Each structure stands twice: as C-alpha cells, then as structure tokens.
Amino acid sequence: MKKKFTNLEIWETYNLVEQIFKDEERLDLPIKVNYALQLNRKTLRDKYRIIEEMRMEIGKKYGEATEYGFHISKEFKEKAHEEMNQLLEIEQMLDIMLISLEDLQNIILSVNQMAALIFMIEREE
C-alpha cells in the first residue's frame with residue numbers, strides 16, 4: 001500500500017526500526033510480520049540514505065567538517081537550517097506492506113518496539 005511520509009518521518013521511522021534490530025533481546029515475530037518488517041526496513045533504508053546524503057551536502061555547503069559532523073558558523077546557520085527544513089518537509093509516497101493488529105496478538109512489545117511498528121499497522125476506519 002502506498003503511504004505518504006515526509007522525509008522527517010522516514011528518518012525518524014527508520015531509526016526506530018533499526019533499534020529493533022540492535023536490541024539485544026530479539027523479537028520472535030510471526031513470519032508474516034517479520035517479512036513485512038524486513039521489506040519495509042529496506043524501503044525506508046533506501047530513502048534514508050538519500051536523505052542522509054542530502055544532509056551531508058548541506059553540511060558541506062555551509063560548514064566545516066569536524067570529528068562530530070559539521071560545524072556551521074553563525075553566518076550560515078539560518079540558511080543551512082532553512083535548507084534542512086525544506087529537505088525534511090518533502091513528502092513522498094512509499095510502498096509499505098501493512099499488517100493487522102491481530103498479526104501482533106500474543107506478542108509482548110515494548111513501547112519503543114510498538115512505536116517502530118506502528119507505521120505498518122493497518123488502521124481500521
């Protein structure tokens with residue numbers, strides 16, 4: 001199903017999803033949920049990488065590289081911030097494989113795990 005995301009939502013959602021895979025306590029998900037999560041993770045990762053490349057370009061354009069990223073002088077902060085906001089506000093449609101809430105029954109999820117999966121749960125109207 002096509003779902004609309006801003007680049008900021010993609011960036012935030014991808015980071016939440018990645019946290020599931022970094023958690024030491026791995027989730028034992030039903031195969032359908034696991035498949036959907038892996039497929040959606042790849043979709044998000046592809047867009048996330050492009051967003052990150054654009055963020056780095058903005059950093060290079062207005063700042064100096066440091067070991068922590070880019071230092072942007074006061075002179076260019078406003079312009080860099082404006083371009084970053086424009087980047088993060090871009091909307092795009094992503095193919096997301098949805099699951100039902102029933103697919104998650106009998107699975108104990110933390111608040112963070114649920115937050116990471118919420119984008120792919122089909123909403124009942």
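Is Asn106 buried or exposed? Asn106 counts as exposed, because its relative accessibility is 76%, and over 50% is the range for exposed residues. The legends below describe a predicted model.

**Figure 1. Asn106 in the loop between strand S4 and helix H4.** Strand S4 covers residues 91-95 and helix H4 covers residues 111-117, with Asn106 in the loop that lies between them. Asn106 is not a glycine, yet its phi is positive, at about 70°. The relative accessibility of Asn106 is 76%.

**Figure 2. The largest nonpolar core.** This core has 31 residues, and Leu37 and Met120 have the most contacts inside it. Helix H1 (7-22), helix H2 (31-62), helix H3 (74-89) and helix H4 each supply at least two of its residues. Helix H2 gives the most to this core, with 8 residues. In soluble globular proteins, nonpolar side chains tend to be buried together.

**Figure 3. The surroundings of Met120.** Met120 is one of the residues with the most contacts inside the largest nonpolar core. Leaving aside neighbours within four places in sequence, Met120 is in contact with Val33, Ala36, Leu37 and Asn40, and also with Ile96, Met97, Leu98 and Ile99. Among these partners is Leu37, which is likewise named for the most contacts inside the core.

**Figure 4. Thr6 in strand S1.** Strand S1 consists of residues 2-6, and Thr6 belongs to this strand. Thr6 is buried, because its relative accessible area is 19% and the cut-off for buried residues is under 20%. Not counting residues up to four places away in sequence, Thr6 touches Leu88, Glu89, Ile90 and Glu91.

Conventions: Residues are numbered from 1 along each chain as its sequence is written. This is a predicted model: local features need pLDDT of at least 70, side-chain atom pairs count only at pLDDT 80 or more; totals for chains, interfaces and linings use all residues. Side-chain values use heavy atoms; hydrogens and water are left out. Helices (H or I, at least four residues) and strands (E, at least two) are DSSP runs, numbered from the N terminus. Buried means under 20% relative accessible area, exposed over 50%, partly exposed in between (1.4 Å probe, protein chains only). A nonpolar core is a set of buried Ala, Val, Leu, Ile, Met, Phe, Trp, Tyr and Cys residues joined through side-chain atoms within 4.5 Å. Contact means heavy atoms within 4.5 Å.
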